[in-house]
Amino acid sequence: MCRSAIPHALIQPDPPGPPVSPSEHPRAARTAFLAVKDAAEYLGLSPHTLYVWRHRRQGPPSFRMGPRGRVMYRRTALDAWIREQEQADSRSNTTLSPLSAAPQYRPGRTAGI
């Protein structure tokens, strides 16, 4: 829902104080769908990065919603995409780490050469 469509009496301002992490951000927590700006904030990226990734068909899955065709992201899809990124990174997933793999030798060569 567009922020301008919400009656002003129902809009709660963000509480003052220290910065809140994206996962604890009250505005982002109110909806299962995030606009580009909110999704970028949630991921710690710039909106421009998300637009570029969408153009290149990279990054988290997105779709167009509503008569204006606003680009939106499902919060659950963002969380799943983050988990996929963690699993694809050898620093987070030790099974992918080249340091944990047994040494491979080419046939016909000795280990000392």
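I began at Ala35, which stands opposite Met72 in β3. I took strands as DSSP runs of E with at least two residues, and helices as runs of H or I with at least four, both numbered from the N terminus.

The model is predicted, so I noted that local features need pLDDT of at least 70 and side-chain atom pairs pLDDT 80 or more, while totals for chains, interfaces and linings use all residues. Numbering starts from 1 along each chain as its sequence is written, and side-chain values use heavy atoms, without hydrogens or water.

Next I looked up the sheet. It is open, with 3 strands in the order β1-β3-β2 and antiparallel pairing; two strands pair if DSSP finds at least two bridges between them. β1 (33-35) and β2 (63-65) are the edge strands, each pairing on one side only. I found a twist that averages 55° from one strand to the next. β1 and β3 are joined by 3 bridges.

I then checked α2. This helix packs on the sheet, touching β1 and β3, and its direction makes about 100° with that of β1. Axes are lines fitted to C-alpha atoms, for helices over the stretch in contact, with angles from 0 to 180 degrees between N-to-C directions.

Last I listed the largest nonpolar core, which has 11 residues, among them Leu34, Val71 and Trp81. Such a core is a set of buried (under 20% relative accessible area, 1.4 Å probe, protein chains only) Ala, Val, Leu, Ile, Met, Phe, Trp, Tyr and Cys residues joined through side-chain atoms within 4.5 Å. α2 (36-43), β3 (70-74) and α4 (75-88) each supply at least two of its residues, and α2 gives the most, with 5.

Methods
Buried means under 20% relative accessible area, exposed over 50%, partly exposed in between (1.4 Å probe, protein chains only). Contact means heavy atoms within 4.5 Å.
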